[in-house]
Every structure is written in structure tokens, then in C-alpha cells.
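Here is a brisk report on selected local features of one protein model.

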Amino acid sequence: MKILIIGAGLSGTLLAIRMAQRGFQVELREKRSDMRQEEVAAGRSINLALSNRGLKALDQAGMKEEILETCIPMYGRMIHGVDGALRMSKYSGRAEEYINSVSRAGLNISLLNKAEGFENLQLHFASACTDVDLENARANFQNADGTTETVQADIVIGSDGVGSAVRQSLMRNTTKLLFNYSQEFLRSGYKELSIPPAADGGYRIEKNALHIWPRGKFMMIALPNLDGSFTVTMFHPYEGESGFNTLDTDQKVQAFFEEYYADALPHLPTLLHDYRHNHVGVLGNIKCYPWQAYGKSLILGDAAHAIVPFYGQGMNASFEDVRVFDDLVEVHGTDWKLLFQTFQDARAHNTNAIADLAVDNFYEMQDKVADPLFIKKRTLEMQLEQTYPDYYSKYSLVTFKEELPYAQAMELGRKQDELLLAICKKDEVPNLDSVMQQIAAISL
Ligand SMILES: Cc1cc2nc3c(=O)[nH]c(=O)nc-3n(C[C@H](O)[C@H](O)[C@H](O)COP(=O)(O)OP(=O)(O)OC[C@H]3O[C@@H](n4cnc5c(N)ncnc54)[C@H](O)[C@@H]3O)c2cc1C
């Protein structure tokens, strides 16, 4: 039984490892050359927030502890006011609940190193899938050396990311497969900057936090790296006063940072160089259905559900895909048709939910985190989490309750939010027991 996996990014490589651990013959093909032999390009040294759902999937492959050693815990959001005032907003009222900053390249490399150790797993780099014969599990590849190849397998799984060639093959069969597809771009993009380590090799700003400079219609965030640096990401509209297209000279960028990000400026010595050279990335949600065809071909990860990054869940959701797929292999064995159908039906409404939540969080992070009513609600959530072990805020339901599907976390979390906001709008100090009773009355 041969499984062909297309795309050796985060989800594809983890899936390849799990399928190899189960004894399948696995072929993993990647468009890029081997990243272990290359320097990460400037502006691409992205780090990601890894949390419980992703860790659970890594644990299944026996890699959780190894990866955690390369992570930096982030206990909350460090909010930077325009005047430079700092406020830490914890992610949870429970000390053991936090998220982790991990290097995307470092994580991918750890996965590739692990994958390489299996005799039944073949890795090919610099081999781009061009199209898939979905019905016959056969895929065509264009190699970087100019040659082409056709690979025959028993099943093909596309984990080839947001621009997926496998998804495009599904799209070419739109009417036959009744293939639905939607993409929704934000009118904002992102650009990466960098805060280097301090002169003594330490951190210039608080190490164990995700830093946010919320400014209403735009924001900047920073996540720590192991070497003392921070990867900074500006999320700005394309147009308008704060737009990437408007901030088009060194002078304008400098003046803008002096006005809106003054406390960060001394830590950004390469700002003008980074701003000029690093590209503006697009942000959007992609939803589609079905994810499988003929019980022979399937997509997962960003290929099936790319989402905006504001809940820090894209990779976590993609790793969760792998965990759920793996659990289904345990149940259905190699009845691929049943397995693929069960998988897509278990996952699609949940990844749609996290896509919607991530857009909500876009507005929350850039605007509401500085709003007094939101701060009051967040304080109440912390008190409830500290007092009642069974209470989880919406953020905690999504991030720390990995056994709860995203769609249920969204439904319960939104109902709780509505209730808590109504309580916080009143002047009196809320009675925690009475708030908990009202929360307990909310049912899914
Ligand atoms: C700015 C930003 C910040 C983010 N922050 C977070 C975060 O904090 N937490 C989080 O959980 N998620 C985050 N994400 C989302 C996360 O990066 C993705 O969800 C995750 O990388 C998806 O993994 P994947 O394996 O499905 O796709 P990818 O990691 O994109 O891997 C796809 C792989 O397929 C390869 N490929 C592409 N086309 C072909 C082809 N034709 N043939 C062969 N190979 C191909 C690619 O080269 C790549 O190696 C962020 C995303 C962005 C853009």
C-alpha cells in the first residue's frame, strides 16, 4: 500500500511520519529544495504560535517533548500603548495554559530529520506537482533539473499549502465533484521586520509574551526567537494613512513609526532596510468542499482550509487534521473511501469555524484589546478561570481545550462572550458565583 504525500511542509511531513510509523510505504515530494541546506531568506524567518491542538498531534508522533525544547512559552499578550505604557493580558487564569513561539523553519527541519529516519519513507525535494489524476491516484511532477515524472500510488494526499496544485486538480473537476470553493481576502496585508538581540545576547523586550501594538485599523505584533531576537509582523491595510502603499518612502515610514510605534523604534535598527526589502504578504481565508475524490485523492492542511493567522491556529488546525486522519486509520484501516469521507465530514465544519473565529480575532487584536469594556470582560474571564477549574473563556476553549472541536468551541465561546459583555456593561462588580450559574445555563 503506497501513500503519495505532496508537500513536505508542516502537515505533510508530520503525516508522512505517522503513516511511516504505521508501516505504510510513503513517498513525500516537495516543490522546494531541501530547506536544511539553505539559509532562511530575510523576511521569511517566521515564527508561529504552537498550542495544545498542534502539540497533541506532535505527541502522537512521539515528537512533543523534542519540539517543546525549541519553544519559548508566551504567557499572554503584552499590549503596548501609543504612549509606551505596557499591560500584560494573560492568555488564561491557569498557570499551566500558555502558547509557544516556535520557528517555522526549525520545526519543519525537525520533522524532516525525523522523516528521513524511516526506511519505508522516501523523500524527494525540488519536485513540484503539476496535476493529479484524482481517480487513479497518479500525479505528475516537474523537477528542478528539468525532468518530469509520473508517480503512481494507492492514494494521493495533497498537503501542498495555500496554492495547492492538488486542490487545483479538484477544481478542474468542479461539476463532476460538485466542488465548492471560496476565497476571501482581507483588505490588509502583512510585512515582517526584526528586533535583534540585545548587546549582551538577551531580549530587548519581555521574552515570554506575544507583543501587540494595537492601533485600531492596524497593528504590529512580535514573537520571541531563541537567539534573543523577535520576529515582528506589521498588519496594515494596503491603502489609507497607514497603508503599505501610502508608506512608500523612508521618510514616511520613519515619521509613521515615530508617531504610532515610538517605543518599538529604538529596537528596530534595521527598520528602513526591512521595510524596503520585505514583501507584503496577502491574508485571506480559503474554504472548499469536498476535500476528497473517489476515495483515491485527498487534501488537508492549508491546501483545504487556509486561514488568516489571528488566532494562531492555522498550523495547529493542520496538525489536528493529521491527528484526526491518523485516528481514523485506526478505526477504518485502509477503507480509504470511507475514511476520506468520514475525515472531510469531521473536519470541514470545524476548520470553517476556526476560519471565522480568526477573522473575529483580527478586529479584537488590532482594536478591542485596548477597549475598556473588553479589558473588563477579560479581567472577569481571568477571575473565573482562576476560581472555577471547569470554566474556559472562548480563547481558552479554542486554544487549550484540544478535545473540543472548533465548531463547538466557537458556539459555546460566542454565547459566553455575549453573556459576559452584557454583565460587564453594568456598573456593579459582578458576583462570580452568579456569573458561573448563568454560564452553566448556556447549553450547546
Ligand atoms: C503571517 C502568518 C503567521 C502565521 N502564524 C501562525 C501561528 O502563529 N500559529 C499557527 O498555528 N499558524 C500560523 N500560520 C498558519 C500556518 O503557517 C499554516 O497554517 C501552516 O503552515 C499550514 O501547514 P501546511 O503543511 O498545510 O502548509 P505549508 O506549511 O504551507 O506547507 C506546504 C508545502 O507544500 C509545498 N508545495 C507547494 N506547492 C507544491 C507543489 N505543487 N508540489 C509539491 N510541493 C508543493 C510547499 O513548498 C510547502 O513546503 C501563520 C501564517 C502566516 C501567513
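Contact here means heavy atoms within 4.5 Å. The model is predicted.

**Helix α15**

Start with helix α15, residues 432–440. Its buried residues are V435, M436 and I439. Viewed down the axis of α15, these residues fall within an arc of 100°, so they line one face of the helix. What lies over them? The cover of the buried residues of α15 includes α12 and α14 (406–425). The face of α15 turned away from the buried side carries Q437 and A440, which are exposed. The N-terminal end of α15 is capped by N431. A side-chain oxygen of N431 lies 3.0 Å from the backbone nitrogen of D433.

**The largest cavity**

How many cavities of 30 Å³ or more does a search of the whole structure find? It finds 3. The largest cavity has a volume of about 70 Å³. Its lining consists of Y311, N361, E364, F374, K377, R378, E381, S393, K394, Y395 and D417. By class, that lining has 6 charged, 3 nonpolar and 2 polar residues.

Which helices each supply at least two residues of the lining? They are α11 (336–366), α12 (372–387) and α13 (394–400). Helix α12 gives the most, with 4 residues. Helix α12 is also among the elements that cover the buried residues of α15.

T399 sits in helix α13. Is T399 buried or exposed? At 1% relative accessibility, T399 is under the 20% cut-off, so T399 counts as buried. Its side chain reaches the backbone oxygen of Y395 at 2.8 Å. Y395 is also one of the residues lining the largest cavity. Leaving out residues up to four places away in sequence, T399 touches S51, N52, I99, Y311 and Q313. Y311, too, is in the lining of the largest cavity.

I3 belongs to strand β1, residues 2–6. At 0% relative accessibility, I3 counts as buried. Which residues does I3 touch, not counting those up to four places away in sequence? They are M19, F24, Q25, V26, E27, I155, I157 and W336.

S11 lies in helix α1, residues 10–21. S11 has 6% relative accessibility and counts as buried. Beyond its neighbours within four places in sequence, S11 is in contact with S159, L300, G301, S318, F319 and V322.

**Y75, in a loop**

Y75 lies in the loop between β4 (72–74) and β5 (76–80). Its relative accessible area is 31%, so Y75 is partly exposed. Setting aside neighbours within four places in sequence, Y75 is in contact with M88, K90, Y91, Y98 and N208.

**Pairs apart in sequence**

| Pair | Apart in sequence | C-alpha distance |
|---|---|---|
| S11 and R323 | 312 residues | 9.9 Å |
| I3 and V156 | 153 residues | 6.1 Å |
| Y75 and E97 | 22 residues | 7.6 Å |

**Backbone geometry**

Most residues other than glycine have a negative phi, and most peptide bonds are trans.

Which peptide bond is cis? The bond from Y289 to P290 is, with omega near 0°. P290 is found in the loop between β17 (281–289) and β18 (292–293).

A126 is not a glycine, yet A126 has a positive phi of about 55°. A126 lies in the loop between β8 (121–124) and β9 (127–133).

L178 is not a glycine either, and L178 has a positive phi of about 50°. Its place is in the loop between α6 (174–177) and β13 (180–195). With a relative accessible area of 66%, L178 is exposed.

Methods
Residues are numbered from 1 along each chain as its sequence is written. This is a predicted model: local features need pLDDT of at least 70, side-chain atom pairs count only at pLDDT 80 or more; totals for chains, interfaces and linings use all residues. Side-chain values use heavy atoms; hydrogens and water are left out. On a 1 Å grid over the protein atoms alone, a cavity is a set of points where a 1.4 Å probe fits but cannot get out, and a pocket is an open set with protein on both sides within 12 Å along at least five of seven lines; lining residues have an atom within 4 Å of a point. Grid points are joined across faces, edges and corners, and a volume is the space filled by probe spheres set on the points. Ala, Val, Leu, Ile, Met, Phe, Trp, Tyr, Cys and Pro count as nonpolar, Asp, Glu, Lys and Arg as charged, and the others, Gly among them, as polar. Buried means under 20% relative accessible area, exposed over 50%, partly exposed in between (1.4 Å probe, protein chains only). The arc is that of the directions from the helix axis to the C-beta atoms. A polar contact is a pair of N or O atoms within 3.5 Å; within protein, one must be able to donate a hydrogen and the other to accept it, and residues adjacent in sequence count only if both atoms are side-chain atoms.
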